[in-house]
Amino acid sequence: VLALCASSTRKHYPPSMSRDSTNSGVHCTEMDLHSSLSNALDTTRTVVSDIIAKEDSQIRITLTEIVKEQLKILELKMQHFNQLEELVRSERLELQKVRQKLEEDRLSFLSLSVNNKQ
């Protein structure tokens, strides 16, 4: 914008800019500068908004991927935990059988010992 105002080599000037006859330059009004700066800010705002939207989208995609991976890890841990739990149940049942057999053997031994003493 300022470069347009300072340029003296342009042959065609926008309607809002007039040729200054005293110093052979281009004369820009405050309104022209304000309008040009406002347009530049609007353009910048749009570009930044687009960049923010793209970044936001990328962040959401990345977070979704992270959550999916964490869910996979949790599912694997749950499967492993369930396998361990089943193993513990199996061991517990086996231990109960062994205890029961031991108790039966103890009773049988006591019964034989009492019978032998008589």
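Me: How exposed is R60, and which class does its relative accessibility give?

Reply: Buried means under 20% relative accessible area, exposed over 50%, and partly exposed in between (1.4 Å probe, protein chains only). R60 has 54% relative accessibility and therefore counts as exposed. The model is predicted: local features need pLDDT of at least 70, side-chain atom pairs count only at pLDDT 80 or more, and totals for chains, interfaces and linings use all residues. Residues are numbered from 1 along each chain as its sequence is written, and side-chain values use heavy atoms, with hydrogens and water left out.

Me: With which residue does R60 form a salt bridge?

Reply: A salt bridge requires a side-chain nitrogen of Lys or Arg within 4 Å of a carboxyl oxygen of Asp or Glu. For R60 the partner is D56, and the closest N and O atoms are 3.1 Å apart. D56 is partly exposed, at a relative accessible area of 35%.

Me: Where do D56 and R60 lie in the secondary structure?

Reply: Helices (H or I, at least four residues) and strands (E, at least two) are DSSP runs, numbered from the N terminus. Both D56 and R60 belong to helix α2, with a separation of four residues, about one turn of the helix. The protein has two helices and two strands, in the sequence pattern α-β-β-α.

Me: How many salt bridges does the structure hold, and which residues are joined into one network?

Reply: There are seven salt bridges in the structure. One of them links the side chains of E85 and R89 at 3.6 Å, N to O. These two residues are four apart in helix α2, about one turn of the helix. Through salt bridges that share partners, E85, E86 and R89 form one network. Another pair is K72 and E69, at 3.5 Å from N to O; K72 and E69 are three residues apart in helix α2.

Me: Which residues form a nonpolar patch on the surface?

Reply: Patches are made of residues with over 30% relative accessible area and no salt bridge; like charges are joined within 9 Å, and nonpolar side chains (Val, Leu, Ile, Met, Phe, Trp, Tyr) within 5 Å. Here I59, L63 and I66 form such a patch, with about 270 Å² of accessible area together. I59 is located in helix α2 (residues 30-117) and is partly exposed, because its relative accessibility is 48%.

Terms used:
Areas by Shrake-Rupley, 256 points an atom, 1.4 Å probe, with all protein chains shown as cover.
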